[in-house]
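Here's a quick tour for anyone meeting this structure for the first time.

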Amino acid sequence: MASEPPSNTLTAAQLLVATLEAHHVDRVFCVPGESYLSVLDALYGRPIEVVTCRHESGAGFMAVADAKLTGRPGICFVSRGPGASNAAIAVHTAQQDAAPMILFVGQIERKDRGRRAFQEVTYERTFGDMAKWVVEIHDPQRVAEETARAFHVAITGAPGPVIVVLPEDMLAEPVTAPVQAPFPGLSAMPAQAAVSEVAAMLRRAERPLLIAGGRVSHAAGRAALRRAAERWEVPVAVSFRQQDLFDNDHPLFAGHMGYLLPKHQVAAYGESDLILAVGTRLGDVTTQGYVVPRAPRPAQKLIHVYDDTTVLGAVFATDLAIAADPTAFLDALAEEAAPAPGRGAGWSEKLHRLWADLAAWKPMQASDGIVFGSVIAALRRRAGEDAVFTIDAGNFSGWLARYFSFRASQRLLGPISGAMGFGVPAAVAAALRLKRRVICLVGDGGMLMTGNELATAVQHRLPLILIVANNGSYGTIRLHQEKSFPGRRIATDLANPDFARLGEAFGATAIKVTQEDEIDGALDSAFAADGPVLIEIATSLEYISAYTTLGALAGRG
Ligand SMILES: Cc1ncc(C[n+]2csc(CCOP(=O)(O)OP(=O)(O)O)c2C)c(N)n1
Ligand SMILES: [Mg+2]
């Protein structure tokens, strides 16, 4: 570690950086701006890696992805007005995905606030609906204190984004205030009486269903989830885009509560007589539109375990709400006595079979390109025990959701917010953090939103494999169009660049796949390469989703 300058000579910017170091920040993502030049200078020579990105949405998404992997706030620095506006999508995603993130934003000089000066924005209003907290620091003596508070707010309760606004002139002022260490964390331990009550309810239940969410996605959470599920023989469904929480081939795996589930599967979840929701906020997608459980009054008993009292009981009339750390709860539940004999395996078998039937891949051929499921099948054959996937939003990801069988030792990072543009930056952040190969699935639409961060991957020689599903369309929206306004296609066709040549121009190894029998060879080459690889897949638009075809929608079979 470089030596600390004496504290009485620090500027506010230097105190801020020292406070980041005290919070164990080892990496920040940014697009530089003149409004926070002095922070950049304070980072000069310090033991924090500064990852320069090509767009603030990329920098913000990287911070969100990094947070998902570490459980600590992802850090992003952007310039005022235009920079902050570009970063807004990541703030929204951090909120929807419950990912802790701190967005530091430069601000105009304090003397001009309120005059609509060049690039002035009132961030409390702009981010008021998305962020957990927005603070503009006017007193340089408070920089360390407010930064420490920002960390605390971002990770306490449902994690989320905090915006810290830094007026340019304030950053340059000398300060005498000390560096702040992290505020002590909140420990929300479950009461033993509550755990015993859950045990009693589980003992009485004939068809219990555990719905697990992102708050247990760290290694200890996954282990506790498995132990509790096995001890109580309770089937586990995972919330939207959290398929990697539990081994999908485990007999207690009950499926992924994502989009486009068949009606009979949703009906089967609805047959449960007890839902034990752990570490999930039970959002719109997971609950299949507030149906399982039903809002406001569920059809079955509902137990909800989450470490934020503002989440519990906010949407659902909850029989037992437990404000506790979800992993601590699962650990405690696993220690309770085993269930009374009598509940057969019929219920969990039924749910597991529904998932397995849905996930059974049958090769399909299209005349207009490769059915993207073939790529998923090839990945399923070769992905290692520690494979890491990032996904963008789009129909191509539905093939992974349906046909890939995740193991709890693997990782999936996807935008629960549904934000396009997440996939490529998330892959950059994951490769930096995990220091191993990351596979990113992205559509032709999403690739041209934040695919520019391939330049960042090349700059850092990261082992990414970007698999671009090129169907020449904003396919997801085309699908909705064909359902709602059949035959009236508008605004969804895309004229695309040659993605393989584009990848090459960025400095990546580029491979174009136009025939199904080229998939395995392309993946072999990609896994053998070092540095970034882009594989463009000429993808069928006819097979527009993992559940239907354009022909079927048009009544052609
Ligand atoms: C930032 C953002 N803009 C718009 C949308 C709406 N939207 C959802 S999916 C989609 C199309 C995705 O196209 P592509 O990446 O090519 O994937 P495909 O659906 O074709 O597989 C759009 C426009 C969104 N979710 N996020
Ligand atoms: Mg597309």
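Let's begin inside the protein, keeping in mind that this is a predicted model. The largest cavity has 13 residues in its lining, and the ones that lie nearest its centre are Val25, Asp26, Asp66, Arg72 and Pro73. Its volume is about 100 Å³.

Sorted by class, the lining of the largest cavity comes out as five charged, four polar and four nonpolar residues.

Now for ligand 1. It has 17 residues around it, and Gly418, Asp444, Gly445, Gly475 and Thr476 come nearest. By class, ten residues of this shell are polar, six are nonpolar and one is charged.

Here are some of the atom pairs between the protein and ligand 1:

| Residue | Protein atom | Ligand 1 atom | Distance |
|---|---|---|---|
| Met420 | backbone N or O | nitrogen | 3.2 Å |
| Ser473 | backbone N or O | oxygen | 3.0 Å |
| Thr476 | polar side-chain atom | oxygen | 2.5 Å |

How much of ligand 1 does the protein bury? On its own the ligand exposes 590 Å², and the protein buries 78% of that. Two elements give two or more residues to the shell around ligand 1, namely α16 (444-450) and α18 (475-484). Of the elements, α16 gives the most, with four residues.

Then there's the metal. Which residues are the protein donors of the magnesium ion (ligand 2)? They are Asp444 through OD, Asn471 through OD1 and Ser473 through O, lying 2.1 Å from the ion. Along the sequence, these donor residues follow the spacing D-x26-N-x1-S. Asp444 sits in helix α16, while Ser473 belongs to the loop between β16 (464-470) and α18, so this pair ties together parts that are 29 residues apart in sequence.

A couple of names turn up in both places. Asp444 is among the residues that come nearest to ligand 1, and Asp444 is also a donor of the magnesium ion. Ser473 has a backbone N or O atom 3.0 Å from an oxygen atom of ligand 1, and Ser473 gives its O to the magnesium ion as well.

Methods:
Residues are numbered from 1 along each chain as its sequence is written. Chains are lettered from A and ligands numbered from 1 in the order in which they are written. This is a predicted model: local features need pLDDT of at least 70, side-chain atom pairs count only at pLDDT 80 or more; totals for chains, interfaces and linings use all residues. Side-chain values use heavy atoms; hydrogens and water are left out. On a 1 Å grid over the protein atoms alone, a cavity is a set of points where a 1.4 Å probe fits but cannot get out, and a pocket is an open set with protein on both sides within 12 Å along at least five of seven lines; lining residues have an atom within 4 Å of a point. Grid points are joined across faces, edges and corners, and a volume is the space filled by probe spheres set on the points. Ala, Val, Leu, Ile, Met, Phe, Trp, Tyr, Cys and Pro count as nonpolar, Asp, Glu, Lys and Arg as charged, and the others, Gly among them, as polar. A residue is near a molecule or strand if one of its heavy atoms lies within 4 Å of it. A polar contact is a pair of N or O atoms within 3.5 Å; within protein, one must be able to donate a hydrogen and the other to accept it, and residues adjacent in sequence count only if both atoms are side-chain atoms. Accessible areas come from the Shrake-Rupley method with a 1.4 Å probe; for residues, only the protein chains shown count as cover. Donors are N, O and S atoms within 2.8 Å of the metal (3.2 Å for Na, K and Ca); water is not among the atoms, so sites may look incomplete.
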